[in-house]
Amino acid sequence: MQKAQLRCMDATLTNLQVWSAWQKLNRIVVSAVHEDFATGVRVDDFCQTLAKCLGRDCEIAKELWPLTELRTPKLRAVAAGEAAAADLVIISVHHGESLPGEIKSWLDLWSKQKATRPKVLLALFDPLYLGTSSSIHAFLQGVARKGNMEFLARSEDKPED
Amino acid sequence: MDRTRADQEHSTMKKAALALVIGLIALTGCAHRYVIRLDNGTEITTASKPVLKEGTYSFKDAKGEEQFVGAGRVREVAPASVAAKENKAKPFKSEPPKKRKWYFLWLA
């Protein structure tokens, strides 16, 4: 466990309040919604980083929900149920003024439910050189605060030339 | 007199035709409905035949809007009529316990 902590160079992760609790878990449940293929890849990349940081003993059980699937009310309900039970909920979107309606409805379904254990809400955005998502950032921060969740936002690194 | 009879026959034919049309509409409506059963048992009724393309089923809902579901979540896709039959609970037949002969009692 100490080795895993030493290997992890991601300070934003290790600074999370839940980090020490996560290090003791052998399974972390991740529920993610993403806008398209590129934002889905971003979720996968993050989960790989998380897995590296947590070490071999921890399994990352992730479920990805593309935005198109959240349009169907029954699927949205299933996705919300999973998010309610997850340790980490990821929202991976492109820069914009506000979140797509489907994601807002999905958030409404689960974010007010009382969590049984600490939960982290993570927003993954496009690289900063492509713009900003300050309003989405503020909105999600509010959702996290109301739902007693830790909030973390990250922008993708600029690809190296 | 003949005219009244003719009117009556005409009215009966009209009713029969109406019933036929309603029946046909109902049949064609049902023919396009499918049920997508997900891994967790959730069922989604579609208004069109789901089409699988690049790992995603696309279909139209009751409002005619296009919807999507990842093939990885789907356990089964079946016409609504077939799914309804499958969902009907099979009658449970309880067999009365077999009476044992008195001469087997010593084995118990």
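In what order do the strands of the open sheet in chain B stand? I looked this up in a predicted model. The open sheet has three strands in the order β3-β4-β5 (chain B), and the pairing is antiparallel.

**Entry: sheet edges.** I checked which strands of chain B stand at the edges. They are β3 (51-53) and β5 (66-70) of chain B; each has a single partner strand, so one side of each has no neighbour in the sheet. From one strand to the next I noted a twist that averages 30 degrees.

**Entry: β3 and β4 of chain B.** I then went through the pairing of β3(B) with strand β4 of chain B, residues 56-60. The two strands run in the antiparallel sense and are joined over three bridges. For a residue-level view I picked B:L52, which stands opposite B:Y57 in β4(B). As a reminder to myself, strands of a sheet pair through backbone hydrogen bonds, either parallel or antiparallel.

**Entry: the contact of the chains.** How many residues does each chain give to the contact? I found eight residues from chain B and seven residues from chain A. On the side of chain B that touches chain A, β5(B) gives the largest share, four residues. I also sorted this side of chain B by class: four residues are nonpolar, four are polar and none is charged.

**Entry: two helices of chain A.** I turned to helix α5 (residues 73-85) and helix α6 (residues 101-110) of chain A, which pack with their axes 9 Å apart at an angle of about 50 degrees. Because of that angle, α5(A) counts as oblique to α6(A). The crossing in which α5(A) passes α6(A) is right-handed. On the α5(A) side I listed A:R76, A:A77, A:A79, A:A80, A:A83 and A:A84 as making the contact. On the α6(A) side I listed A:E102, A:S105, A:W106, A:L109 and A:W110. By class, I noted eight nonpolar residues, one polar residue and two charged residues in the contact of α5(A) with α6(A).

**Entry: A:D108.** Is A:D108 buried or exposed? I located A:D108 in helix α6 of chain A. A:D108 has 12 C-beta neighbours inside 10 Å and therefore counts as exposed; the cut-off for exposed is 12 or fewer. I also looked up the separation of A:D108 from A:V143, 35 residues apart along the chain. Their C-alpha atoms are separated by 9.1 Å.

Note on methods
Residues are numbered from 1 along each chain as its sequence is written. Chains are lettered from A and ligands numbered from 1 in the order in which they are written. This is a predicted model: local features need pLDDT of at least 70, side-chain atom pairs count only at pLDDT 80 or more; totals for chains, interfaces and linings use all residues. Two strands pair if DSSP finds at least two bridges between them. Axes are lines fitted to C-alpha atoms, for helices over the stretch in contact, and angles run from 0 to 180 degrees between N-to-C directions. Angles under 35 degrees count as roughly parallel, over 145 as roughly antiparallel, 65 to 115 as roughly perpendicular and the rest as oblique. A crossing is left-handed if the near helix is turned anticlockwise from the far one by less than a right angle, and right-handed if clockwise. Two residues are in contact if their C-beta atoms, placed from the backbone, lie within 7 Å. Ala, Val, Leu, Ile, Met, Phe, Trp, Tyr, Cys and Pro count as nonpolar, Asp, Glu, Lys and Arg as charged, and the others, Gly among them, as polar. A residue is buried if 20 or more other C-beta atoms lie within 10 Å of its own, exposed if 12 or fewer, and partly exposed in between; C-beta atoms are placed from the backbone.
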